[in-house]
Each structure stands twice: as C-alpha cells, then as structure tokens.
Amino acid sequence: MITGPSGAGKGTLIKQLLDRLPELEVAVSATTRAQRPNEEDRRDYLFLTEEEFVRRIEAGEFLEEVEYVSGHRYGTLRSEIDRIAEDGRVCVLELELDGALAVQEQVGGSVTLFIAADVPELERRLRARATESSGEIEDRIQLARFQLEQAHRFRYMVRNDDLERATEALAALVERELQLAGTMARR
Ligand code: 5GP
C-alpha cells in the first residue's frame with residue numbers, strides 16, 4: 001500500500017514499480033471527482049456519481065472510503081481486491097493517509113510505504129500538473145504539511161527527490177517484502 005501527500009509522485013513511482021515487478025497489480029479506486037482529460041474510466045478510476053458512491057457504501061462494497069479535502073470521495077472496492085487475489089497477483093493500493101491507516105489496521109500482513117517530498121517541490125509539481133484550481137492546490141499543500149508529519153506511522157518511507165533513486169529504493173523494499181511473504185507462505 002502506497003501513501004503520501006498529493007504531488008509526491010506516487011503515481012509515477014507506481015508505474016515504474018509495475019514495470020519491474022509484473023506480479024503486482026494496482027486496484028482501481030472509485031471516486032466522485034471529475035475525470036481529468038488524460039484519464040480513462042475504469043483504468044484510472046471508476047468514476048461514480050455521489051448517489052452511486054453512497055449506495056455502494058451502504059451496500060458494504062468498500063474496504064475503506066474517505067472524503068478528501070476537495071470534498072470528493074475516494075474508496076477501495078472489495079471486489080477489486082478479490083479480483084486481483086483470484087488472479088494470483090499482489091495488490092497495490094494508492095491511498096491518501098486516512099485510508100492507508102484504516103487498511104493497515106484492518107488487513108493483517110499489509111505493507112505500507114510512505115512517499116515523501118519537500119513541500120516546495122510538492123507545490124512546484126502540483127502547479128506544473130495544473131489539474132486543480134489554485135485554491136485546491138493551497139488546500140492540498142496545507143494537507144501535505146500535516147501528512148509529512150505522519151510518515152512515521154507507516155512501515156517504510158521513501159523520499160522522492162530523484163525518481164531513479166526512489167524507484168530503486170521502492171523496488172528493493174517491495175521485492176524484499178514479496179520474498180518474505182513467499183517464504184512465510186511456504187512454511
Ligand atoms: P487524485 O485526485 O490526485 O487522483 O487523488 C487524491 C488523493 O486520493 C491521492 O492522495 C490518492 O492517493 C488518494 N486516493 C486515490 N484513491 C483512493 C482510495 O481508493 N482510497 C483512499 N483513501 N484514497 C485514495
């Protein structure tokens with residue numbers, strides 16, 4: 001499970017990680033936020049209306065769900081986790097902090113990784129991405145300051161100041177965890 005502030009480069013790092021470790025698969029989350037121009041429904045997110053999202057909460061379909069600073073909802077569908085497990089693959093979740101803490105508590109054996117970056121760097125990336133309004137960027141940065149202080153609550157932290165170095169560090173940690181899990185399963 002990968003968490004960290006908005007703009008820390010979680011998405012880019014996860015793509016790099018998947019190229020190296022084909023046994024991994026990312027669970028597609030559901031959200032009520034608007035689709036960005038480069039995104040595809042069901043590939044990047046399952047884009048739902050507020051009504052549909054709430055209906056699925058009430059039906060118990062989510063492992064975890066949160067309302068983010070933007071007021072939009074995000075959540076991990078149990079069906080995604082089951083589908084990936086049935087295919088015999090290892091599930092990767094990309095979550096904001098509260099969701100990651102909830103899953104860490106609920107799912108024994110889950111491994112949590114926190115991706116950190118300096119606040120000025122986060123701000124630069126969010127502005128360069130320009131997918132949020134400037135008010136929303138301010139909110140995300142404010143939240144990032146708080147989130148960076150929470151890094152110690154997760155098993156590992158990787159600082160994404162250099163993409164290549166961070167990818168190496170992340171892949172090494174995940175590989176080691178996969179080996180450990182494999183060793184335990186064979187016992
Ligand atoms: P974005 O709008 O930039 O795609 O995502 C905003 C935040 O929501 C990011 O920090 C991302 O990690 C988080 N997020 C995406 N999907 C989920 C989810 O299913 N559950 C939770 N708790 N957070 C999510």
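The model is predicted, so local features need pLDDT of at least 70 and side-chain atom pairs count only at pLDDT 80 or more, while totals for chains, interfaces and linings use all residues. Residues are numbered from 1 along each chain as its sequence is written, and side-chain values use heavy atoms, leaving out hydrogens and water.

Let us begin with the open sheet, whose four strands run in the order β4-β3-β6-β5 with mixed pairing. Strands (E, at least two residues) and helices (H or I, at least four) are DSSP runs numbered from the N terminus, and two strands pair if DSSP finds at least two bridges between them. At the edges sit β4 (46-47) and β5 (62-67), each pairing on one side only. Further in, β3 (residues 30-31) and β6 (residues 73-77) are antiparallel, joined over two bridges; here Ala 30 stands opposite Gly 75 in β6.

Not counting residues up to four places away in sequence, Ser 29 touches Tyr 45, Leu 46, Gly 75 and Glu 94, where contact means heavy atoms within 4.5 Å.

Now turn to Ser 110, in the loop between α4 (97-106) and β8 (113-116). Ser 110 also counts as buried, because its relative accessibility is 18%. Leaving aside neighbours within four places in sequence, Ser 110 is in contact with Met 1, Val 103, Gln 104 and Arg 155.

Notes. Buried means under 20% relative accessible area, exposed over 50%, partly exposed in between (1.4 Å probe, protein chains only).
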